[in-house]
Amino acid sequence: MAESFDLVIRSAILYDGTGAPGRVANVGLRGDRIASLSAPAEARSSAVVNAKGLALAPGFIDVHTHDDFAVIARPEMDFKILGGVTTCVVGNCGMGVAPWRAGMLWALAIHPQAKLPEWQGYAGYLAHLEREPPSTNVAVLMGHGTLRLSTMGNAQRAPTLSELVQMKDIVHEGLDAGAFGLSTGLVYEPGRYAATDEIVALATEMTGTRALYATHMRDEGLGLITSVREAIEVGRRAGVAVQISHHKASGRKAWGLVRQSLALIEQAQGEGLDVHADQYPYTAGSTSLAAVLQHGAFSTEGGQQGISGREDMEPSEVVIATASRHPKWEGRSVAELMTLLSKPAREVAEYVAAASPGVTVVLHTMCEDDVKAVMHHPSTMIGSDGIPALPGKPHPRLWGTFARVLGRYARDLRLLTLEDAVWRMTGLPARTFGLRDRGLIREGAFADLVVFDPARILDLGTYENPNVSPAGIYHVFVNGTQVVRDGQHTGARPGRPLRRAADT
Ligand SMILES: [Zn+2]
């Protein structure tokens with residue numbers, strides 16, 4: 001009797017996530033797992049997807065998201081799943097979901113209208129996702145900024161011994177709950193007040209667990225190299241893997257520095273340290289306007305604490321992304337608003353920030369050569385850093401990151417082979433973050449899958465019109481359940497909270 005499957009994806013060009021070149025295969029699914037990579041043509045199956053001429057890859061793992069609350073407020077996660085993302089790593093840039101009260105402060109900045117339930121610690125958050133699952137899987141990082149805020153408010157000093165113990169307790173709770181690591185946001189309040197020793201002390205609690213340290217570094221401008229050294233130092237002293245978030249050189253004066261930062265990563269890897277980075281494939285970044293102001297944008301006095309890359313921004317390079325109370329400002333640059341409001345740049349920015357709390361901006365501060373150099377480097381995986389501040393005009397990376405790497409950078413510009421690009425968004429992140437049985441297409445792995453047309457895949461969102469799903473992505477499966485069919489969301493929400501396994 002022929003083997004039976006719940007679903008067979010037939011005649012696909014299989015990119016299995018290891019970096020191996022594509023090969024034609026029939027993939028059989030049973031339950032939530034991949035059961036066979038050589039399902040016979042006569043296999044019995046209740047459903048068949050004919051994927052002749054199409055690529056089949058592991059579902060994309062977005063290692064750098066801010067979807068912590070979107071997975072609750074907008075659980076269909078259309079902006080990710082329609083782009084082929086099946087797992088979101090949340091809790092980046094020092095912003096975490098626990099302790100709850102501190103987490104809510106930034107939740108409300110992104111989702112001012114959302115009604116969010118209360119949860120107890122990381123365990124409570126993950127349990128909530130189990131009860132009310134989103135369409136994607138969720139892996140959580142602990143946010144250092146949130147746990148610091150919760151412990152010592154916005155104090156601009158080192159923690160006392162007892163405060164440090166309290167922070168360590170939160171880290172332990174998160175690790176026990178299954179968090180995959182600790183993130184910092186060393187440009188943001190209050191993370192910027194943490195010295196290296198404080199971060200090492202907290203990261204040391206993870207030694208031996210395989211949880212990693214992810215960091216939005218202190219300075220992505222002229223101080224990039226010092227910042228990368230600090231990140232590596234934390235990894236070395238704490239004995240943990242390091243993930244450099246959204247690797248870039250920001251600000252004209254810093255362009256080209258990524259050659260040195262990439263060399264530093266190589267050097268650290270050569271010493272046996274586990275150091276990687278992630279990247280979104282655009283020459284513009286995005287953050288809160290408040291953070292930009294904090295670092296002295298448009299002011300004659302320059303930035304605080306030597307933060308560079310932001311104080312030399314031009315008003316035309318800073319564009320309002322989402323301003324919930326003043327949508328008419330969205331899509332306009334500070335330069336345009338200077339004319340409209342008849343004020344100098346700094347006053348415009350302060351006025352906008354005060355009038356519409358939580359306002360986010362798109363910053364056109366990078367160069368294409370650096371984007372390519374970082375993407376080409378084998379230490380780089382893909383992470384969108386998308387801010388799910390919908391509606392408005394969020395940075396188009398929220399929807400388009402993975403399709404843009406595959407379509408523009410791999411296919412059109414030939415910067416990467418297709419199999420290498422797939423590896424950077426599947427197998428490599430799964431291995432680095434310890435996402436067991438994910439990121440690879442092999443028998444026994446979870447059936448997180450994406451079927452796309454390698455000739456057509458492309459991001460379609462623009463800065464003017466960002467909320468658009470990419471072209472060429474047809475079918476997406478999460479834990480064996482189809483969430484996207486013929487480019488349309490099925491309404492299914494089979495995502496799971498992932499938990500770090502103690503032995504991986
Ligand atoms: Zn960040």
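Author: The zinc ion is held by three named atoms, SG of Cys 93, ND1 of His 216 and NE2 of His 246, at 2.1 to 2.2 Å; donors here are N, O and S atoms within 2.8 Å of the metal (3.2 Å for Na, K and Ca), and since water is not among the atoms, sites may look incomplete. This is a predicted model, in which local features need pLDDT of at least 70 and side-chain atom pairs count only at pLDDT 80 or more, while totals for chains, interfaces and linings use all residues. Residues are numbered from 1 along each chain as its sequence is written, and side-chain values use heavy atoms, with hydrogens and water left out.

Along the chain, the donors of the zinc ion follow the spacing C-x122-H-x29-H. The two histidines link distant parts of the chain, 30 residues apart: His 216 belongs to strand S13 (residues 212-216), whereas His 246 lies in the loop between strand S14 (242-244) and helix H9 (258-270). Helices (H or I, at least four residues) and strands (E, at least two) are DSSP runs, numbered from the N terminus.

As for how covered these two residues are, His 216 counts as buried because its relative accessibility is 4%, and His 246 likewise counts as buried because its value is 3%. Buried means under 20% relative accessible area, exposed means over 50%, and partly exposed is in between, with a 1.4 Å probe and protein chains only.
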